[in-house]
Amino acid sequence: MNRVVILTNSQLRHQFVRKAIALDDDINVLRTYCESTDGTTLDRVREEGDEVKLRHLDARSEAEEDFFRHFVDYTPDHSNPKEIPNGEINDEQYYEEIVELDPDLLVAYGCSIIEDPLLSEYEGRFLNVHLGLSPYYRGTGTNFWPLVNSEPEYVGATFMYLDAGVDTGDIIHQIRARVKPGDTPHQIGNRLIADMIQPYREIITKFDKLENMEQPGTPDNEHYYTTSDYSTEATKQLYENFDDRLVNDYLADQDERNAQVPLVKNPVVESR
């Protein structure tokens, strides 16, 4: 059984992930550090008063309620959560607590950028899941921007070793989002979060058996986005794309388009 510490946030999707991982009989979650939701993108947009972006983010919150609320409310919690202030995961007190717990692995999803000494202390034993397909899309909103750019084949999740860069660690395994007729952007995103649980569990439980995978080179169409890139215009473009049959057009040529974006597939991971 692998003894792990999870580093995450406190939004509903993060609660779902930590509780789902902790249900695995072969994973012992010693503690989960849950950063508070203060200072989220939704908070900033509310301060801005941007109605377009606010409708988009409110719709995301409502979709998360539909996907994850019942699971979070009615599933036993074996993740030993501890809420901490947003952005303080690198503070000395939490570093010392984690070292004292002596986990086999650190497991990250949606936490703040990790710095030394925590990063170097667990080098090679620090897992992360990036909601996006590296190295094609890195930074923030990396499953939002492919849909803005009419590229659903680039929507996915990348399991990697955490390093000091932004989504630059060695890739362990990747999955692509499942897209269904009539999907909204949030349905695609939440289905992907649900789908990533089993591969993440396998990566944790089979850690010692993981193969070192050949890493993709830097693509010609690499994208890097920051929080400041998120705009009203991009949000409008997202919904215009969906109104213009983005999903149907993708599904009509899905196999061909997916073949142009090969994924890293670790043979140890049996789930999709």
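**Notebook: sheet and helix packing**

The model is a predicted one, in which local features need pLDDT of at least 70 and side-chain atom pairs count only at pLDDT 80 or more, while totals for chains, interfaces and linings use all residues. Residues are numbered from 1 along each chain as its sequence is written, and side-chain values use heavy atoms, with hydrogens and water left out.

I noted that strand 7 (residues 156–161) and strand 8 pair in the antiparallel sense over 5 bridges; strands are DSSP runs of E of at least two residues, helices are runs of H or I of at least four, and both are numbered from the N terminus. Two strands count as paired if DSSP finds at least two bridges between them.

I then traced the open sheet, which 7 strands form in the order 3-2-1-4-5-7-8 with mixed pairing. Its edge strands, each pairing on one side only, are strand 3 (81–84) and strand 8 (171–176).

Turning to the helices, I found helix 7 lying across strand 4, strand 7 and strand 8, at about 135 degrees to strand 8; angles run from 0 to 180 degrees between N-to-C directions, and axes are lines fitted to C-alpha atoms, for helices over the stretch in contact.

I recorded that the axes of helix 7 (residues 185–195) and helix 8 (residues 197–205) come within 5 Å and cross at roughly 30 degrees. The contact (heavy atoms within 4.5 Å) is made by I193, A194 and D195 of helix 7 and by I197, Q198 and P199 of helix 8.
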